[in-house]
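Work through the exercises below with the sequence and the model open. Try each task before reading its solution.

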Amino acid sequence: MDLTNPFAHSIVTDAWQPAQSDVPVIHANVYGLCGAVLEQVRQSGGSRSVLLHGLPGSGKTHLLARFRTSLTGTPPDSGPGVTLPVPPTVLFIAVRLRAGARMLCRHLRRTLATDLFRPTRLGMSQLEQLLLYRLSQHLKDRKKAQRIWQCVRQPPRTRWYWPFSPPEEISRATREVEGLIEHMDEQATLGRNLATALRHLALGRHRRDVRDWLHDGVLPDAASRDLGLLQSAEDEDPEEQALDLVCAFSRLADSSVPLVLCFDQLEALQTSPDDREGLYAFGKMASALRDKTRNTLIISCVQTAFLDELDHIIRGADMDRLAEKEGLLKPLSHEEAERLVLARVDASPVLADMRRSQQANRVWPLKPSRLVEFLQSTSACTPRQLLSFCDDEFEKWYRGQARPVASLEEFLAVQYQLELEQALQNNQPEQSDGILAHGLPLLMRVLGRGRQVMDHDLRCVDVIFDTPAGHYHLGFCNQAGNQFTSKLSKLRELVERGRLPQLVLVRDERLPISRYAKKAQEHLDALAGRDVPLLRPSARELTALEAFSSLLSDAKAGDLAKRGEVITAAEAERWFATHLPEPLHDLVQALFPTRRQGCRDTLYDDLLEFLQDHRVVPLSEAAEQLSRSEAEIQACVSRYSDRFGLLHGPPAVIFEAGGD
């Protein structure tokens with residue numbers, strides 16, 4: 001009989017990940033504190049905060065997962081199962097703090113948008129459940145709200161009652177929904193764009209575009225026009241814009257449905273031991289959220305050993321607003337350790353049956369004496385340490401020996417590969433700004449190539465590095481439409497005024513620069529004329545950078561462990577310095593190009609835009625449409641073989657290969 005080791009997986013990496021074999025008595029006091037403060041938010045109409053801390057491996061993220069499950073539940077396997085509007089308990093948002101200091105609010109906005117579309121126990125997304133509940137409040141009739149919701153969102157051909165439901169009913173239902181959105185806008189001051197986006201979502205229209213706009217506030221011009229969204233003012237700070245959207249959602253939810261914001265891995269905000277900007281910016285953001293909302297619970301997680309550093313950097317009123325209450329996750333008692341062992345064993349039906357026949361040994365298949373010996377050998381036993389010990393003991397019992405101990409180098413190589421696989425599954429061009437802002441300063445410091453300049457007033461410059469060759473300024477140009485043009489215009493002005501002697505433009509290679517964007521083309525030509533290079537990182541390089549920064553973030557937060565023992569950030573950095581993945585080496589080399597190297601290949605952008613619209617086309621047709629010769633097109637495909645493909649035919653056809 002092949003038995004699965006119930007102790008093999010010990011780390012919960014995300015609050016949305018179901019907690020395995022939860023033991024409610026472990027950290028029950030801290031869980032109760034979070035619940036009590038949440039109830040204060042409901043009753044008082046004011047926002048509150050809790051700071052959770054403990055040893056590495058004490059289960060901070062696991063506790064957040066338990067809290068989240070109690071509030072949003074587990075989604076059903078077969079879609080929405082609700083027949084009447086049921087009020088959501090909360091809007092729950094879990095933020096892993098992997099962001100540059102100057103993009104922290106935008107990182108929060110993206111996470112909020114992602115989590116609002118996660119399903120609840122009813123099978124509906126958090127946001128849709130809130131809108132349906134608001135509709136029932138507006139109409140003061142739950143059954144009518146349900147009928148209207150189905151009427152405007154369910155395609156007529158799938159509704160069995162369609163023959164008895166004339167188009168006038170749909171029109172009336174649409175007017176009711178539009179009236180709801182107008183009422184919510186007046187009540188909560190949502191702003192025109194958010195109200196418009198919610199109207200489309202409630203009516204079942206443009207779901208993907210709405211989700212994308214909520215993520216970044218940016219859509220291609222054509223999509224913005226289709227949705228009726230207004231362009232942001234050129235001088236509007238995107239960080240303030242992102243924070244305003246989060247606050248608008250708190251008003252949309254109101255006191256009956258609090259907004260719960262959980263911030264994990266505060267330590268990851270430091271790019272170096274002397275970096276103060278990330279934590280300082282977080283303190284300011286948390287303080288602003290606390291002051292600008294009336295129904296928000298802010299939960300932040302940090303290692304106990306990091307508290308002094310946190311208190312030193314986030315001072316005064318900001319720290320008071322961040323840590324109104326504190327919760328300590330204590331080490332396990334002997335009884336709690338036994339309960340955790342039993343919960344893991346009993347989660348396997350086969351092992352649970354076998355254990356019941358071992359009445360004399362409460363912790364079977366472990367030896368009680370070995371468990372006592374282990375607990376006595378450590379002054380502070382964390383769940384992670386206990387599960388690592390039990391993992392070894394189970395393997396000895398079942399296979400006769402523990403698993404071989406991997407070297408630190410082998411362990412980190414495996415962990416990096418796991419992070420890379422995760423990044424490959426999720427990486428999208430709209431994430432590129434955040435990946436670059438968080439990952440590049442870490443990468444440059446690990447390699448000793450330069451340090452990030454923190455204190456500067458150049459808002460349109462995303463990152464500045466102090467290097468032996470002087471200051472390098474990076475401008476991330478991954479925007480669309482007018483925002484892209486505006487960014488280039490501001491950078492061009494600074495270059496022409498002599499304020500950016502060494503500027504590198506950075507744009508994800510998956511994002512074409514349209515030949516129809518005449519003003520953007522003009523700015524790019526002017527910048528190229530001043531020897532400003534354009535770096536086009538590939539999806540391969542960006543996913544490698546994301547995996548690199550994720551691994552280091554886990555190490556900084558104490559979440560990277562080998563056999564229960566914490567791997568420090570310094571150890572991970574030393575490994576990367578001597579085992580740098582090839583895509584990261586290529587990315588760093590490209591950051592410091594010789595003059596004019598890396599200037600834009602216009603045919604690449606034209607061909608990429610054309611193929612993203614047409615997918616697979618004959619070579620002759622592409623040449624005709626782009627007014628280029630077939631030889632030029634074929635040469636471009638060869639230059640960018642990771643992005644384009646060619647089938648020789650006949651007829652010869654080209655396609656976008658993806659490069660992911």
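The face of α21 turned away from its buried side carries K518 and G529, which are exposed (over 50% relative accessible area; buried is under 20%, partly exposed in between, with a 1.4 Å probe and protein chains only). This is a predicted model, in which local features need pLDDT of at least 70, side-chain atom pairs count only at pLDDT 80 or more, and totals for chains, interfaces and linings use all residues. Residues are numbered from 1 along each chain as its sequence is written, and side-chain values use heavy atoms, with hydrogens and water left out.

**Exercise 1.** Describe helix α21 and find which of its residues are buried.

*Solution.* 
1. Locate the helix: α21 covers residues 518-529, twelve in number. Helices (H or I, at least four residues) and strands (E, at least two) are DSSP runs, numbered from the N terminus.
2. Check the span: from first C-alpha to last, α21 reaches 16 Å, close to the 16 Å expected at 1.5 Å a residue. The expected value is 1.5 Å times one less than the number of residues.
3. List the buried positions: A520, Q521, H523, L524, L527 and A528. They lie on the same side of α21, because they cover an arc of only 160° around the axis, taken from the directions from the helix axis to the C-beta atoms.
4. Apply the general rule: an α-helix has 3.6 residues a turn, so residues three or four places apart point the same way.
5. Find the partners: the buried residues of α21 pack against α20 and β9 (503-506), where contact means heavy atoms within 4.5 Å.

**Exercise 2.** Is R355 buried or exposed, and which residue does its side chain meet in a salt bridge?

*Solution.* 
1. R355 is buried, with a relative accessible area of 18%.
2. Its side chain meets that of D346 at 3.0 Å, N to O.
3. D346 is partly exposed, at 33%.

Terms used: Salt bridge = Lys/Arg side-chain N within 4 Å of Asp/Glu carboxyl O.
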